[in-house]
Amino acid sequence: RDPVETEILWKSLNFKIFDTAGISENSKNLKKIEKMSVFETKRKIRLSEIIILILDINNYFEKFNYKLIKFIVEESRFLIVVINKIDTINEFSEKFIKKKIYELSPQIKNTPIFFISAEKKIGLNKLMNGIIKFLPLWNKRIDTNKLNLWLKKLTLKTPPSLHNGKEVKLKFITQINIRPPKFIIFTNFPKAVKESYKRFLVNDLKKTFNFDGIVITLNLSKSNNPYEFKKNN
């Protein structure tokens, strides 16, 4: 039940891989040793940059682990979904399976999905090349001026809803971290920004700056306005 650790070299890049026991959907009735296994799996997820979720093509629909997906998204890890054992089925539609997975879990829409057979060594090169392709997005930092030009144009076209009759102003945005990409927007009413509008911001941010398929974090913070302070005094 302990994670198995190994290292591989791929195209001059070193990767350390942890093979974990996973997380059960029914975590309430786990035995002590199983709880320790879940704890260790969560710890490895927090320490890792890339999470490869492996699903069996024969039962990916039944075995889809919503709890694990939710945890990976909350930790803002770089997720890749792998459909294994494609050699066991004569015909299948990659397009249909991708569509079904995105429907099962909308929060990972456009997450990279690869199809492999580990036993027959089919699709492994494509998977590794895909990981290398997406890694730069995980490490990308966007210039603050470009971010604020984007925010200004977007809010002029589609502003957030009023708060008690007052305008909600999204004043400034900056990227505060990479791996995972994290952004913060300063506003006069952070708690007044609806979750639907926040999702709208995240989706447009990902589309504009080519973060498609990457989980990004966007926080809202109260902006300090010195003029408001002076008026109150």
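This is a predicted model: local features need pLDDT of at least 70, side-chain atom pairs count only at pLDDT 80 or more; totals for chains, interfaces and linings use all residues.

Visitor: How many bridges join strand 3 to strand 4, and in which sense do the two run?

Guide: In general, two strands pair if DSSP finds at least two bridges between them. Here strand 3 (residues 50-56) and strand 4 run parallel and are joined by seven bridges. Between them the chain passes through helix 2 (residues 66-74), and this β-α-β crossover is right-handed, a term meaning that, with the strands pointing away from the viewer, the path from the first strand over the helix to the second runs clockwise.

Visitor: Which strand pairs with strand 4 over three bridges?

Guide: That is strand 5 (residues 113-115), again in the parallel sense, and V82 stands opposite F114 there. The chain reaches strand 5 from strand 4 through helix 3 (residues 94-104), in a β-α-β crossover that is right-handed.

Visitor: Why is strand 4 described as largely enclosed by the rest of the structure?

Guide: A residue is called buried under 20% relative accessible area, exposed over 50%, and partly exposed in between (1.4 Å probe, protein chains only). Seven of the seven residues of strand 4 (residues 78-84) are buried, so the strand is largely enclosed. F78, I80, V82 and N84 point one way, whereas L79, V81 and I83 point the other way.

Visitor: How many salt bridges does a search of the whole structure find?

Guide: A salt bridge is a side-chain nitrogen of Lys or Arg within 4 Å of a carboxyl oxygen of Asp or Glu, and the search finds eight. One of them joins E5 and K16 (3.5 Å, N to O); E5 lies in strand 1 (residues 4-10) and K16 in strand 2 (residues 13-19), so the pair ties together parts eleven residues apart in sequence.

Visitor: Which residues are linked with K99 in a network of salt bridges?

Guide: The network links K99 with K100 and E103. The side chains of K99 and E103 meet at 2.6 Å, N to O, and these two residues, four apart in helix 3, are separated by about one helical turn. K99 counts as exposed at 51% relative accessibility, while E103, at 44%, is partly exposed.

Terms used. Residues are numbered from 1 along each chain as its sequence is written. Side-chain values use heavy atoms; hydrogens and water are left out.
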